[in-house]
Amino acid sequence: MAPSELLDTILNQITNSDNAQTLHHILRTNLSKDSRDTVLASLLPSGQDPLTVLDMRENTLGVLWILAARFSLQTATPPPWPLVQEFCHTFIPEDARLAPDRVTAVARGIAAFANASPNPKAAILPLYDLVRRYPPDNSYLTSIHSVFALSCVSTQSFSALIPVLENPITNINTALSPDLTYSDSLTYHYLGGIAFASLRRWAEAQEFFEIALSTPGHVPSALQLEALKKLKLVQLIATGKTAPLPKYIHPLLPRLFKNSPYHTFVNAYPHNTDLLNECAHREAVTFANEKNTGLIQQALSRAPRWTLKKLTGTYVTLSLPDIARAIKLESEDDVRALLLDMIESNDVAAQISADGTVTFSDPAPTFTKEQVDCVLADVQDQTDLLNSLEREMAKSKEFLNKASKTRDDSQWAPQAEEDLFMSTSGVWAEEAGFA
């Protein structure tokens, strides 16, 4: 029987089925794997597109299988884009969860189709609908998240990614995404850090880069090293100094970082402006290839700011010329403008007299009632969340077995040095690389 005739039979089963699970079983078993996508990607014997016959919501499962097939076969007729958008906006999540691998295939197909079109941003809206509607709630990580994040970052649509990033990931269910991997979580949080950094939301960028950096794995990932580089630069921009790394990251990553030009840049920051500029010039190609030139330039532009801030810990009064020499700015007007900007942003508390004398003082802490209430509400929400996670973990047989085993172990012996660390050659985990 020709594929189009088989599709006609399947279409009748889709439209007449009133049980999603039974239909899913039929679609998965009635056709062989070798021919299934070919049949589902076909047109009807009349030449009509089967997607125009189906209801995008009521026939969620059938549409999902057909879309996945159409996106997977290069020779297939591309699905009508308005119908793709309608499906993502209206599908029934419970039905779609019966075929999680098809959902991932559709998400990746949407991204690939848009990337090959004149308008790569076209993927963002349907992928946003998928990533927000498919999981039971926004706390779940799925394989769609990394696809959506990559589409947003690659098209520089950073703001479109923020509503998803602002929902903390606290749940992972492989039933929702059987193909979910370590790299999906790593990629999602790394790209989230890039999005926040591009919007100069430094605190959130640090958080996401740190999550990517500390994602557990047997060997360090190339993407984790890139996250470490960006984390250090973001910390310099935000606070003028770097923070200690979490103790639970892979021990090889700090060693690799020390062998990079970023280590030299961080050590010279913010006082040694000559070495900073020399490093930025000498390693310009490396920074550009790794897409860190923008962060390097922002760190350089803010170096005088942090040098000036450190002066407030030593001096009570200084003249504008003295400050200009200390932070290596050329004119008093530049120093005055920098001081006024830092005072306005509450980085320093200072007064500038008419004769150019700057008097520093300790800033008085000010908190509004709304800020206090907001912090208390956030603490309460986090406490409730932690208590819920603790209860769920207490039900885990795997956790209870490991906890029992830990209590029974009376000795712990460290492994040999050669077991703890390995050569830097050939250590990267399998994943897509981003710079």
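Biologist: What should the 17 residues of helix H11 span, and how far apart are its end C-alpha atoms?

Modeller: This is a predicted model. At 1.5 Å a residue, helix H11 (residues 182–198) should span 24 Å, and its end C-alpha atoms are 25 Å apart, which agrees.

Biologist: How many residues of H11 are buried?

Modeller: An α-helix has 3.6 residues a turn, so residues three or four places apart point the same way. H11 is mostly covered, with 15 of its 17 residues buried. After the helix comes Arg200, with a positive phi near 60 degrees.

Biologist: Which backbone oxygen does the side chain of Lys230 reach?

Modeller: That of Glu290, at 3.3 Å.

Biologist: How many helices and strands does the chain have, and what share of its residues is buried?

Modeller: The chain has 23 helices and five strands. Of its 435 residues, 43% are buried. Its C-alpha atoms fill a box of roughly 90 × 60 × 50 Å along the principal axes.

Biologist: What share of contacts joins residues at least 24 apart?

Modeller: Counting contacts between residues at least 6 apart in sequence, 69% join residues at least 24 apart.

Conventions. Residues are numbered from 1 along each chain as its sequence is written. This is a predicted model: local features need pLDDT of at least 70, side-chain atom pairs count only at pLDDT 80 or more; totals for chains, interfaces and linings use all residues. Side-chain values use heavy atoms; hydrogens and water are left out. Helices (H or I, at least four residues) and strands (E, at least two) are DSSP runs, numbered from the N terminus. The expected span of a helix is 1.5 Å times one less than its number of residues. Buried means under 20% relative accessible area, exposed over 50%, partly exposed in between (1.4 Å probe, protein chains only). A polar contact is a pair of N or O atoms within 3.5 Å; within protein, one must be able to donate a hydrogen and the other to accept it, and residues adjacent in sequence count only if both atoms are side-chain atoms. Contact means heavy atoms within 4.5 Å.
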